[in-house]
Amino acid sequence: MVAGGTPKLMAQMRRGAIEYCVLALLRNDERYGFELTRELANFDGLVTSEGTIYPLLSRLRQDELVETFWQESLQGPPRRYYRITEKGRLALESFVVQWSTFRDTVDKLILGGGPT
Amino acid sequence: MTKASIDGVIDDYLRRLQTALSRLPEPRRSQLVGEISEHIAESRNDLPNQTEQEIRDLLDRVGRPEDIAAEALADELELVDKPSHRGLIAVLIVVAAMIVGFGTWAILARDNHHVTATPPLSKKTTTTTVSTSDSGPTLATCTSAVTGFYSPPLSWSFGGTISSDQGVGYGCENQEMLANAMMKVVDANVTPTSAGEASGAYGVNSAGQIIVPNGQVIGLYQTVCNVLPKSTLCING
């Protein structure tokens, strides 16, 4: 691995994990797009630009992992809200288990431990 | 800057976005433009003065239309993948490549392509060689691993639980394969008697460890019997 590969590696890792980060943010609350991007921006390294979240949301909706609905706003036009679906919850639960195992395995290897 | 000219800056941005997304099929393209337009309107409401600079900063945060389009088009190309696993697969591919690269480097550096396993309890040294380039865990590689403990720093023990990820690369894929491999070793150490019965040449010590005649511990009795309760070891043991 060369040092120059790091930004590309980060982009690929981010791309793999971010849809589940979005599903996790929607696990307990319905949110509108602007709100979601602001939440994600609070986590370092997750989002490169606010606009790139929308293709992701579109994909999640296409895959039926989230659904949208409109809700009146006190501060302007109605907002498009995102809500996690049952399929989305199952996908998130599955990812949480796989991610945890995978992370532990990689940690073990890169921190110098052997299999136990 | 007037409101009309600020609107013009935003309209220009949305036009660039439309153009960048021209290869994206409808209705996805219109949905995306609509959502980003809503996002810009929301963000704009938060600006205290709505100066040109504030608007340009806002559009910078939203991102270059070309980058958003690239993200959307990449998604289109991925539609053939299984949706719920696509993300994890991307991460797995990247990090698996890192693990293979690092693991291969470490082993090459340490042991010239092979890991040599030496039973610690035997005075007579037998050597088990496990190829690092095998195509995946099989009962054969798992059995090879069971019959030898690896020397440090790859020291490990089969006592307790082995998870599927730990087995990969070390001969065994999962607990079931491990138990079957241990039974294979036990069976190989069963001596037929003249009466046609079998007598065990293996033993289980007070710590619940299975020991074969050369003194080598091949693992825990309980590990086998959790998976294979009807095996000869567990019935006779």
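Me: Where is B:L24 found?
Reply: B:L24 is in the loop between helix 1 (3-20) and helix 2 (28-45) of chain B. Helices (H or I, at least four residues) and strands (E, at least two) are DSSP runs, numbered from the N terminus.

Me: What should I know about the model and numbering?
Reply: It is a predicted model, where local features need pLDDT of at least 70, side-chain atom pairs count only at pLDDT 80 or more, and totals for chains, interfaces and linings use all residues. Residues are numbered from 1 along each chain as its sequence is written, chains are lettered from A and ligands numbered from 1 in the order in which they are written, and side-chain values use heavy atoms, with hydrogens and water left out.

Me: OK. Is B:L24 buried or exposed?
Reply: B:L24 is buried, at a relative accessible area of 1%. Buried means under 20% relative accessible area, exposed over 50%, partly exposed in between (1.4 Å probe, protein chains only).

Me: Which residues is B:L24 in contact with, leaving aside neighbours within four places in sequence?
Reply: B:R29, B:L32, B:A72, B:L73 and B:E76. Contact means heavy atoms within 4.5 Å.

Me: Switching topic. Which residues does the cis peptide bond join?
Reply: B:E26 and B:P27, with omega about 5°. B:P27 also sits in the loop between helix 1 and helix 2 of chain B.

Me: And what is phi for B:Q50?
Reply: About 55°, positive although B:Q50 is not a glycine. B:Q50 is in the loop between helix 2 and helix 3 (52-62) of chain B, and is partly exposed at 25% relative accessibility.
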